[in-house]
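Here is a short note to read beside the model. Please keep the structure open and follow the points in order.

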Amino acid sequence: LQNKFGDERVFDTSLSEEGIIGRAVGMALAGLLPIPEIQFRKYCDPATEQINNCGTIRWRSNNHFAAPMVVRIPGGYRKIGDPWHSVTSEVIFAHQPGWLMAAPSNAEDAVGLLRTALRGNDPVIFFEHRAMLDAAWARRPYPGDDYVLPFGQAKILAEGSDLTVVTWGAMVERCEAAAQAIGGSIEIIDLRTIVPWDKALVLESVRKTGKCLIVHEDISLGGFGAEIAATIAQEAFVYLDGPVERLAAPSTPVPFSTELMEGVVPTIEQIQGRMADLRAF
(Lines give C-alpha, C1' and ligand atoms only; values in the text may rest on other atoms or scores of the structure.)
Protein backbone atom coordinates (compact mmCIF):
# COMPACT_ATOMS: atom_id res chain seq x y z
CA LEU A 1 0.00 0.00 0.00
CA GLN A 2 1.41 3.38 -1.04
CA ASN A 3 -0.02 6.88 -0.63
CA LYS A 4 0.50 9.96 -2.79
CA PHE A 5 3.51 10.98 -0.73
CA GLY A 6 5.30 7.71 -1.43
CA ASP A 7 4.88 6.36 2.11
CA GLU A 8 4.49 2.60 2.15
CA ARG A 9 2.66 0.29 4.53
CA VAL A 10 2.58 -3.50 4.61
CA PHE A 11 -0.11 -5.29 6.57
CA ASP A 12 -1.75 -8.70 6.79
CA THR A 13 -5.29 -9.27 5.60
CA SER A 14 -8.00 -11.70 6.55
CA LEU A 15 -8.19 -14.92 4.55
CA SER A 16 -10.86 -13.56 2.22
CA GLU A 17 -9.89 -12.90 -1.40
CA GLU A 18 -13.14 -11.07 -2.07
CA GLY A 19 -12.40 -8.85 0.92
CA ILE A 20 -8.79 -8.31 -0.14
CA ILE A 21 -9.77 -7.00 -3.59
CA GLY A 22 -12.81 -5.14 -2.23
CA ARG A 23 -10.74 -3.27 0.34
CA ALA A 24 -8.09 -2.54 -2.29
CA VAL A 25 -10.74 -0.94 -4.50
CA GLY A 26 -11.84 1.29 -1.63
CA MET A 27 -8.26 2.28 -0.90
CA ALA A 28 -7.63 3.09 -4.56
CA LEU A 29 -10.74 5.26 -4.74
CA ALA A 30 -9.47 7.09 -1.64
CA GLY A 31 -6.24 7.99 -3.44
CA LEU A 32 -3.96 5.22 -2.20
CA LEU A 33 -2.08 2.75 -4.39
CA PRO A 34 -2.83 -0.73 -3.07
CA ILE A 35 -0.73 -3.72 -4.12
CA PRO A 36 -2.77 -6.70 -2.89
CA GLU A 37 -1.33 -10.19 -3.14
CA ILE A 38 -3.45 -13.27 -3.71
CA GLN A 39 -1.53 -16.27 -2.42
CA PHE A 40 -2.16 -18.51 -5.44
CA ARG A 41 -3.84 -18.04 -8.82
CA LYS A 42 -6.77 -20.37 -8.04
CA TYR A 43 -7.52 -18.43 -4.85
CA CYS A 44 -8.57 -15.47 -7.02
CA ASP A 45 -11.81 -17.18 -7.98
CA PRO A 46 -13.79 -16.02 -4.90
CA ALA A 47 -12.90 -12.44 -5.85
CA THR A 48 -14.20 -12.71 -9.43
CA GLU A 49 -17.08 -10.27 -8.92
CA GLN A 50 -14.90 -7.69 -7.19
CA ILE A 51 -12.30 -7.97 -9.98
CA ASN A 52 -14.94 -7.53 -12.66
CA ASN A 53 -16.48 -4.51 -10.93
CA CYS A 54 -13.09 -2.86 -10.44
CA GLY A 55 -12.29 -3.10 -14.13
CA THR A 56 -15.46 -1.27 -15.15
CA ILE A 57 -15.21 1.67 -12.74
CA ARG A 58 -13.72 4.08 -15.28
CA TRP A 59 -16.33 3.08 -17.85
CA ARG A 60 -19.23 3.26 -15.42
CA SER A 61 -18.16 6.67 -14.12
CA ASN A 62 -17.45 8.17 -17.56
CA ASN A 63 -13.77 8.26 -16.56
CA HIS A 64 -14.41 10.40 -13.48
CA PHE A 65 -13.19 7.67 -11.11
CA ALA A 66 -10.49 5.03 -11.30
CA ALA A 67 -9.20 2.32 -8.99
CA PRO A 68 -5.59 1.66 -10.00
CA MET A 69 -3.93 -1.23 -8.20
CA VAL A 70 -1.48 -4.02 -8.88
CA VAL A 71 -2.72 -7.47 -7.91
CA ARG A 72 0.24 -9.84 -7.52
CA ILE A 73 -0.64 -13.47 -8.15
CA PRO A 74 1.82 -16.38 -8.12
CA GLY A 75 0.68 -19.42 -10.05
CA GLY A 76 1.60 -22.13 -12.53
CA TYR A 77 3.39 -25.43 -12.11
CA ARG A 78 6.39 -25.84 -9.84
CA LYS A 79 8.03 -28.64 -7.84
CA ILE A 80 4.67 -29.98 -6.73
CA GLY A 81 1.27 -29.69 -8.35
CA ASP A 82 -2.42 -29.82 -7.56
CA PRO A 83 -5.61 -28.21 -8.89
CA TRP A 84 -5.39 -25.31 -6.41
CA HIS A 85 -1.76 -24.28 -6.16
CA SER A 86 -0.42 -24.91 -9.67
CA VAL A 87 -3.08 -23.39 -11.91
CA THR A 88 -2.37 -20.85 -14.67
CA SER A 89 -5.69 -19.99 -16.38
CA GLU A 90 -4.62 -16.48 -17.35
CA VAL A 91 -7.28 -16.23 -20.04
CA ILE A 92 -9.89 -15.52 -17.35
CA PHE A 93 -8.28 -12.15 -16.69
CA ALA A 94 -8.20 -11.34 -20.40
CA HIS A 95 -12.00 -11.60 -20.23
CA GLN A 96 -12.22 -8.90 -17.55
CA PRO A 97 -12.61 -5.53 -19.38
CA GLY A 98 -10.58 -2.71 -17.90
CA TRP A 99 -7.75 -4.85 -16.53
CA LEU A 100 -4.21 -5.12 -17.85
CA MET A 101 -2.21 -8.30 -17.38
CA ALA A 102 1.53 -8.91 -17.20
CA ALA A 103 3.17 -12.34 -17.41
CA PRO A 104 6.94 -11.79 -17.21
CA SER A 105 9.31 -14.68 -17.82
CA ASN A 106 12.35 -13.22 -16.04
CA ALA A 107 13.44 -10.81 -13.31
CA GLU A 108 14.40 -7.93 -15.60
CA ASP A 109 11.02 -7.87 -17.33
CA ALA A 110 9.31 -8.16 -13.95
CA VAL A 111 11.08 -5.01 -12.73
CA GLY A 112 10.22 -2.97 -15.81
CA LEU A 113 6.61 -4.10 -16.03
CA LEU A 114 6.01 -3.61 -12.31
CA ARG A 115 7.21 0.00 -12.48
CA THR A 116 4.91 0.67 -15.43
CA ALA A 117 1.99 -0.95 -13.63
CA LEU A 118 2.56 1.16 -10.53
CA ARG A 119 2.61 4.38 -12.55
CA GLY A 120 -0.55 3.74 -14.54
CA ASN A 121 -4.17 4.54 -13.85
CA ASP A 122 -5.58 1.07 -14.54
CA PRO A 123 -5.83 -2.05 -12.40
CA VAL A 124 -3.21 -4.67 -13.32
CA ILE A 125 -3.00 -8.41 -12.80
CA PHE A 126 0.69 -9.19 -12.27
CA PHE A 127 1.14 -12.92 -12.79
CA GLU A 128 4.31 -14.22 -11.13
CA HIS A 129 5.06 -17.74 -12.28
CA ARG A 130 6.09 -19.97 -9.40
CA ALA A 131 8.64 -21.86 -11.48
CA MET A 132 10.39 -18.63 -12.41
CA LEU A 133 10.68 -17.28 -8.87
CA ASP A 134 13.75 -19.41 -8.17
CA ALA A 135 14.82 -20.52 -11.66
CA ALA A 136 18.42 -19.84 -12.66
CA TRP A 137 17.28 -19.05 -16.22
CA ALA A 138 15.02 -16.24 -15.00
CA ARG A 139 17.77 -14.41 -13.11
CA ARG A 140 18.96 -11.15 -14.68
CA PRO A 141 21.20 -8.28 -13.60
CA TYR A 142 19.28 -5.46 -11.96
CA PRO A 143 18.40 -3.04 -14.80
CA GLY A 144 18.52 0.07 -12.63
CA ASP A 145 16.12 2.35 -10.80
CA ASP A 146 14.90 4.07 -13.98
CA TYR A 147 14.14 0.97 -16.04
CA VAL A 148 10.53 0.74 -17.21
CA LEU A 149 8.96 -1.57 -19.78
CA PRO A 150 5.77 -0.57 -21.63
CA PHE A 151 2.86 -2.97 -21.70
CA GLY A 152 2.10 -4.50 -25.10
CA GLN A 153 5.76 -4.60 -26.16
CA ALA A 154 6.92 -8.16 -26.82
CA LYS A 155 10.55 -9.20 -27.15
CA ILE A 156 12.25 -11.24 -29.86
CA LEU A 157 14.57 -13.61 -28.00
CA ALA A 158 15.97 -15.18 -31.16
CA GLU A 159 15.54 -14.01 -34.74
CA GLY A 160 14.75 -16.48 -37.47
CA SER A 161 13.13 -17.03 -40.86
CA ASP A 162 11.83 -20.62 -40.75
CA LEU A 163 9.25 -20.49 -37.96
CA THR A 164 7.66 -18.06 -35.50
CA VAL A 165 7.16 -19.29 -31.93
CA VAL A 166 4.92 -17.17 -29.69
CA THR A 167 4.99 -17.84 -25.97
CA TRP A 168 5.08 -16.24 -22.51
CA GLY A 169 5.75 -16.99 -18.85
CA ALA A 170 7.53 -20.20 -17.91
CA MET A 171 7.18 -21.63 -21.43
CA VAL A 172 9.69 -19.09 -22.74
CA GLU A 173 12.60 -20.97 -21.17
CA ARG A 174 11.38 -24.28 -22.59
CA CYS A 175 10.86 -22.86 -26.07
CA GLU A 176 14.35 -21.40 -26.07
CA ALA A 177 15.85 -24.73 -25.00
CA ALA A 178 13.86 -26.61 -27.65
CA ALA A 179 14.96 -24.22 -30.41
CA GLN A 180 18.61 -24.50 -29.40
CA ALA A 181 18.36 -28.28 -29.44
CA ILE A 182 17.14 -28.55 -33.04
CA GLY A 183 19.02 -25.57 -34.44
CA GLY A 184 17.88 -23.79 -37.57
CA SER A 185 16.34 -20.37 -37.93
CA ILE A 186 13.51 -20.14 -35.39
CA GLU A 187 12.15 -16.81 -34.20
CA ILE A 188 11.01 -16.83 -30.56
CA ILE A 189 8.71 -14.09 -29.28
CA ASP A 190 8.13 -13.54 -25.56
CA LEU A 191 4.84 -11.62 -25.29
CA ARG A 192 5.59 -10.40 -21.74
CA THR A 193 2.04 -9.00 -21.42
CA ILE A 194 -1.25 -10.63 -22.34
CA VAL A 195 -3.46 -7.54 -22.09
CA PRO A 196 -2.46 -5.81 -24.25
CA TRP A 197 -0.50 -8.24 -26.43
CA ASP A 198 1.90 -7.18 -29.17
CA LYS A 199 -0.20 -8.11 -32.18
CA ALA A 200 1.87 -5.98 -34.57
CA LEU A 201 5.15 -7.76 -33.77
CA VAL A 202 3.58 -11.22 -34.00
CA LEU A 203 1.99 -10.48 -37.38
CA GLU A 204 5.22 -8.99 -38.69
CA SER A 205 7.11 -12.13 -37.70
CA VAL A 206 4.51 -14.51 -39.19
CA ARG A 207 4.50 -12.59 -42.47
CA LYS A 208 8.26 -13.17 -42.57
CA THR A 209 8.38 -16.85 -41.60
CA GLY A 210 5.02 -18.08 -42.93
CA LYS A 211 4.58 -20.49 -40.01
CA CYS A 212 3.62 -20.13 -36.36
CA LEU A 213 3.63 -22.26 -33.24
CA ILE A 214 1.94 -20.88 -30.12
CA VAL A 215 3.06 -22.45 -26.83
CA HIS A 216 1.41 -21.76 -23.49
CA GLU A 217 0.88 -23.55 -20.20
CA ASP A 218 -2.85 -22.96 -19.80
CA ILE A 219 -5.26 -25.52 -21.30
CA SER A 220 -5.70 -25.24 -25.06
CA LEU A 221 -9.52 -25.25 -24.95
CA GLY A 222 -10.45 -21.56 -25.06
CA GLY A 223 -6.89 -20.57 -24.10
CA PHE A 224 -5.31 -17.26 -25.06
CA GLY A 225 -3.37 -19.01 -27.79
CA ALA A 226 -6.65 -19.35 -29.67
CA GLU A 227 -6.98 -15.56 -29.76
CA ILE A 228 -3.51 -15.26 -31.28
CA ALA A 229 -4.20 -18.03 -33.80
CA ALA A 230 -7.50 -16.45 -34.85
CA THR A 231 -5.82 -13.06 -35.32
CA ILE A 232 -3.10 -14.59 -37.49
CA ALA A 233 -5.71 -16.44 -39.58
CA GLN A 234 -7.68 -13.24 -40.05
CA GLU A 235 -4.86 -10.77 -40.71
CA ALA A 236 -1.96 -12.82 -42.11
CA PHE A 237 -3.62 -15.80 -43.80
CA VAL A 238 -2.15 -15.16 -47.27
CA TYR A 239 1.37 -15.24 -45.81
CA LEU A 240 1.02 -18.70 -44.23
CA ASP A 241 2.92 -21.66 -45.65
CA GLY A 242 1.64 -24.06 -43.01
CA PRO A 243 -0.99 -24.41 -40.30
CA VAL A 244 -1.01 -22.20 -37.22
CA GLU A 245 -0.47 -24.68 -34.41
CA ARG A 246 -0.91 -24.53 -30.64
CA LEU A 247 0.82 -26.59 -27.99
CA ALA A 248 -0.75 -26.28 -24.55
CA ALA A 249 -2.14 -28.36 -21.71
CA PRO A 250 -5.08 -30.73 -22.13
CA SER A 251 -8.40 -30.08 -20.38
CA THR A 252 -7.50 -31.80 -17.15
CA PRO A 253 -6.80 -30.72 -13.56
CA VAL A 254 -3.15 -30.24 -12.63
CA PRO A 255 -2.01 -33.54 -11.05
CA PHE A 256 -0.33 -33.76 -7.64
CA SER A 257 2.62 -35.81 -8.88
CA THR A 258 5.47 -33.88 -10.48
CA GLU A 259 6.04 -36.73 -12.94
CA LEU A 260 2.38 -36.72 -13.94
CA MET A 261 2.53 -32.94 -14.23
CA GLU A 262 5.10 -33.37 -17.00
CA GLY A 263 2.39 -35.24 -18.87
CA VAL A 264 0.18 -32.17 -18.74
CA VAL A 265 2.50 -29.17 -19.09
CA PRO A 266 4.23 -28.93 -22.51
CA THR A 267 7.74 -30.34 -22.25
CA ILE A 268 10.90 -29.32 -24.08
CA GLU A 269 10.73 -32.56 -26.06
CA GLN A 270 7.14 -31.91 -27.15
CA ILE A 271 7.94 -28.35 -28.15
CA GLN A 272 11.00 -29.54 -30.05
CA GLY A 273 8.92 -32.11 -31.93
CA ARG A 274 6.28 -29.54 -32.95
CA MET A 275 9.01 -27.13 -34.09
CA ALA A 276 10.62 -29.80 -36.24
CA ASP A 277 7.30 -30.83 -37.79
CA LEU A 278 6.33 -27.28 -38.70
CA ARG A 279 9.74 -26.47 -40.16
CA ALA A 280 9.48 -29.51 -42.42
CA PHE A 281 5.89 -28.75 -43.50
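1. In β3, Val124 is the bridge partner of Leu100. The two strands involved, β2 (residues 100–102) and β3 (residues 124–129), pair in the parallel sense over three bridges. Strands pair if DSSP finds at least two bridges between them. Strands (E, at least two residues) and helices (H or I, at least four) are DSSP runs, numbered from the N terminus.

2. The model is predicted; local features need pLDDT of at least 70, side-chain atom pairs count only at pLDDT 80 or more, and totals for chains, interfaces and linings use all residues. Residues are numbered from 1 along each chain as its sequence is written, and side-chain values use heavy atoms, with hydrogens and water left out.

3. The strand order β1-β3-β2-β7 makes an open sheet of four strands with mixed pairing. Because β1 (70–75) and β7 (193–195) stand at the edges with a single partner strand each, one side of each has no neighbour in the sheet. On average, neighbouring strands of this sheet are turned by 20 degrees against each other, direction ignored.

4. Helix α5 (residues 107–119) lies across β1, β2, β3 and β7, and runs at about 160 degrees to β3. Axes here are lines fitted to C-alpha atoms, for helices over the stretch in contact, and angles run from 0 to 180 degrees between N-to-C directions. Contact means heavy atoms within 4.5 Å.

5. How do α7 and α8 pack? Helix α7 (residues 199–209) and helix α8 (residues 224–235) have axes 11 Å apart and an angle of about 60 degrees. They are therefore oblique to each other; angles under 35 degrees count as roughly parallel, over 145 as roughly antiparallel, 65 to 115 as roughly perpendicular and the rest as oblique. Among the residues that meet are Val202 and Leu203 in α7 and Ile228 and Ile232 in α8.

6. The structure holds zero disulfides, a disulfide being a pair of cysteine sulfur atoms within 2.5 Å. For Cys54, the nearest cysteine sulfur, that of Cys44, is 12 Å away. The sulfur of Cys212 is 11 Å from the closest one, in Cys175, which is too far for a bond. Cys212 is buried at 0% relative accessibility; buried means under 20% relative accessible area, exposed over 50%, and partly exposed in between (1.4 Å probe, protein chains only).

7. Two backbone details deserve a check. A cis peptide bond joins Val195 and Pro196, with omega about -5 degrees, and Pro196 is in the loop between β7 and α7. Asn62 is not a glycine, yet has a positive phi of about 55 degrees; Asn62 is exposed, at 61% relative accessible area.
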